[in-house]
Amino acid sequence: GTHGCTGCAAGKFHGTAGATQCKDCVAGTFHNLAGQAKCKDCDYHCAAGNFHSGCGGAAPGTCLQCTPGQFKSVAGTSACSHCTSGQHQDGAGATACKACTAHTFQDGDGAATCKACDYMCPGGQFHTACGGATAGTCEDCALGHYRTAVSSLPWGTNPTCTACAPGTYAGTKGQASCTACNGSTEWQDQS
């Protein structure tokens, strides 16, 4: 037979005197010492920019920095939150997210970086505003306007369509050039 009693290992407890088996600490509790009658509640309180992880069994857990793309603005027991669209956070342990800068956007949540705007559109189209949470889109030029295809645009430009010169026209939307009036059967009122 057995002679003597043995205490429960760390991360386990015995709830009653004379218990023959140790029980695991339940979720949200721990004990880092052996021979305990009950487990301690996890302390999830962490500073701003940090969240609590790893509490349970024999481990009290620890505060870790919020990962890039996340933030926690105040100290407390809350988890980190994802940055929303139009924002990003490239650093760990952040207390706020950063807005996307000019000519960048982010259309997803929890991003570490913003994406560069791509203003390239085929001829006959112009690019709508890009920034914040939207990439913008290519849209057809209006009647009487045109835009030639542009291969690459420098930062800071967002070209729109140009009105056709006198004596020329664009009879349908989305034209890359204007057509000249022939001067005999076609003419354009300049008034």
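This is a short chat about a predicted model of a protein chain.

Trainee: What does the secondary structure of the protein chain come to?

Mentor: There are 18 strands and zero helices. Keep in mind that the model is predicted.

Trainee: How many residues does the protein chain have, and what share counts as buried?

Mentor: The chain has 191 residues, and 25% of them count as buried.

Trainee: Switching to histidine 145. Where is it found?

Mentor: Histidine 145 is in strand β15, which covers residues 145-146.

Trainee: What does the side chain of histidine 145 reach?

Mentor: The backbone oxygen of leucine 143, at 3.1 Å.

Trainee: Which residues does histidine 145 touch, leaving out those up to four places away in sequence?

Mentor: Cys161, Thr162, Ala163, Cys164, Ala170 and Gln175. Take threonine 162: it sits 17 residues from histidine 145 in sequence, with the C-alpha atoms 5.2 Å apart.

Trainee: New topic, the largest pocket. What volume does it have?

Mentor: About 170 Å³.

Trainee: Which residues line the largest pocket?

Mentor: The lining includes Cys5, Cys8 and Cys22, along with His14 and Gln21.

Trainee: How does the lining of the largest pocket split by class?

Mentor: Seven polar, five nonpolar and no charged residues.

Methods:
Residues are numbered from 1 along each chain as its sequence is written. This is a predicted model: local features need pLDDT of at least 70, side-chain atom pairs count only at pLDDT 80 or more; totals for chains, interfaces and linings use all residues. Side-chain values use heavy atoms; hydrogens and water are left out. Helices (H or I, at least four residues) and strands (E, at least two) are DSSP runs, numbered from the N terminus. Buried means under 20% relative accessible area, exposed over 50%, partly exposed in between (1.4 Å probe, protein chains only). Contact means heavy atoms within 4.5 Å. A polar contact is a pair of N or O atoms within 3.5 Å; within protein, one must be able to donate a hydrogen and the other to accept it, and residues adjacent in sequence count only if both atoms are side-chain atoms. On a 1 Å grid over the protein atoms alone, a cavity is a set of points where a 1.4 Å probe fits but cannot get out, and a pocket is an open set with protein on both sides within 12 Å along at least five of seven lines; lining residues have an atom within 4 Å of a point. Grid points are joined across faces, edges and corners, and a volume is the space filled by probe spheres set on the points. Ala, Val, Leu, Ile, Met, Phe, Trp, Tyr, Cys and Pro count as nonpolar, Asp, Glu, Lys and Arg as charged, and the others, Gly among them, as polar.
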